[in-house]
There are 2 protein chains.
Amino acid sequence: MSFLEKLRAVARRNNSWLCIGLDSEFPRLPSFLRERHGPSAVLEFNRAIIEATADLVCAYKPNLAFYEMLGPLGLEILYKTRELIPQEIPIIADAKRGDIENTARAYAKALFEYYRFDAVTVNPLMGFDSVAPFLEYSEKCTFLLVRTSNPGARDFQELNCDGKPLYQHVAEKARQWNTRKNIGVVVGATAPNELAIVRRIVGDEMPILVPGIGAQAGDLERAVKNSVNAHKELAIINVSRSVIFASSSEDFAHAARHAALSLRDEINRARA
Amino acid sequence: MSFLEKLRAVARRNNSWLCIGLDSEFPRLPSFLRERHGPSAVLEFNRAIIEATADLVCAYKPNLAFYEMLGPLGLEILYKTRELIPQEIPIIADAKRGDIENTARAYAKALFEYYRFDAVTVNPLMGFDSVAPFLEYSEKCTFLLVRTSNPGARDFQELNCDGKPLYQHVAEKARQWNTRKNIGVVVGATAPNELAIVRRIVGDEMPILVPGIGAQAGDLERAVKNSVNAHKELAIINVSRSVIFASSSEDFAHAARHAALSLRDEINRARA
């Protein structure tokens, strides 16, 4: 089953295009969990968040930085987190890797074979041969950074290159390189106009991963309207901190469920 | 002691601007080591390479991909490799990370605090706030990808943006953001003309990390001449596969030493 089939199946079943970012940064976890479990609190936190939200999402997206900061133990927790997520829900590893061909191959092996993630984010700056090893996994999906959600996105991604901004060149390459139908793109909710432009460039069959809602303050309604395809789908709206850290007390999982439910419904209203 | 002081001290003592890339990909290790040790062969391999070459280098550069592909165990091996390298030799973690500010902060914590690397490579596509958390570590060095050594470098890095190629914009930002004197740049040996242009842009006090010699077939003499500063220094010439995999038999460490010695001398002749 390809990533797109898996994504559509769970989006339909859960009636949701919400993706929850498992950016479970140890120092931000509820103190009672940290005191009880030490670094393993990250796993217990993820377990509770996943149990409370698995019927409300179309995907989960752990960002590897928050696991790597704990050293090898963090990577073990990441591996175990992967096993806590019901098999039918796709997992997008937010890794933003990108390197020369033989090295990209090693990263792809790590993320797709060792950790068995369904999808990965890749930084396209190094060009085709840095992306190609990921694309060889035809059942997986590779999301290229096109226009990111942060303030610094303006430094390079919006430079005018041969008559159009750099991010549009990347979006065009994403479409051109998509011979196996396994590429997606990342465009931040903080750039709603660019979202609409990228959707036009990549067409209706490519998923757009949209971070930047919540802590980064992107406008949810405009982001959804501008990123969905003609069938009002394939926009994966990611929210991390404002869901998983909705509360820092004993009721944190309940609070995360409440936040996720409200976001899922808001996304669906914007799609309608 | 800052990265630059540490780098200059060991370069002087070893009379060397050669950096050895510890891209110790498990399937490429000598078969007798793999059979004897399993995945831990990576550590034994690194130990032998480091012992055979520590008096010939100015730095070591492990690429994280080749450790991550082994899962959490690979990261343990990376940690232990770090401890095998004599303290006076700087270690550049080739990680090519880059993410929004709070995430970049977690990556910086992982690489500079957990693993205690001296320097790191960072992908600048996401702009200033994705780089800034690394720069806060003033004794460390952050190498920004400016013009990479691979064929795909042409896809985006050479696009003409507002009158000059993208890579020159990145080199200019590297100079501009270098208020703490702890930025370096990466330019591939396969792009010798671009190396000369970048050296002019960044000035004489910024180190240039130069991959692409050896397996990637860059011209060593031109690369060295075009990347050194006015004092014929601060060009870190990295060679990975053609040194560490010089032989796959029992004499592999001896063969690596032989290859390193010859490269070190060739670099010095080109500097003269």
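Biologist: What makes you say that both faces of E3(A) are covered?

Modeller: Before I answer, a word on the source: this is a predicted model, where local features need pLDDT of at least 70, side-chain atom pairs count only at pLDDT 80 or more, and totals for chains, interfaces and linings use all residues. Residues are numbered from 1 along each chain as its sequence is written, while chains are lettered from A and ligands numbered from 1 in the order in which they are written. Now E3(A): A:Ile92, A:Asp94 and A:Lys96 on one side are buried, and so are A:Ala93, A:Ala95 and A:Arg97 on the other. Buried means that 20 or more other C-beta atoms, placed from the backbone, lie within 10 Å of the residue's own.

Biologist: Why is strand E3 of chain A called largely enclosed?

Modeller: Six of the six residues of this strand (residues 92-97) are buried, so the rest of the structure largely encloses it. A strand here is a DSSP run (E, at least two residues), and a helix is one of H or I with at least four, numbered from the N terminus.

Biologist: How do you know that E3(A) and E4(A) pair?

Modeller: Pairing asks for at least two DSSP bridges between the strands. E3(A) and E4(A) (residues 119-122) have three, in the parallel sense. In E4(A), A:Val122 is the bridge partner of A:Arg97.

Biologist: What makes the relation of chains A and B that of a two-fold axis?

Modeller: A rotation of 180 degrees with 0.0 Å of shift along its axis superposes chain A on chain B, with an RMSD of 0.0 Å. In chain A, the C-alpha nearest the axis belongs to A:Cys161, at 1.9 Å.

Biologist: How do you know through which surface the copies meet?

Modeller: 100% of the interface residues of chain A are also interface residues in chain B, so the copies meet through the same surface. In numbers, 49 residues of chain A are in contact with 49 of chain B, contact meaning C-beta atoms, placed from the backbone, within 7 Å. H6(A) gives the largest share of chain A's side, seven residues.

Terms used:
Two residues are in contact if their C-beta atoms, placed from the backbone, lie within 7 Å. Copies are superposed by least squares on the C-alpha atoms of residues with pLDDT of at least 70 in both. A residue is buried if 20 or more other C-beta atoms lie within 10 Å of its own, exposed if 12 or fewer, and partly exposed in between; C-beta atoms are placed from the backbone.
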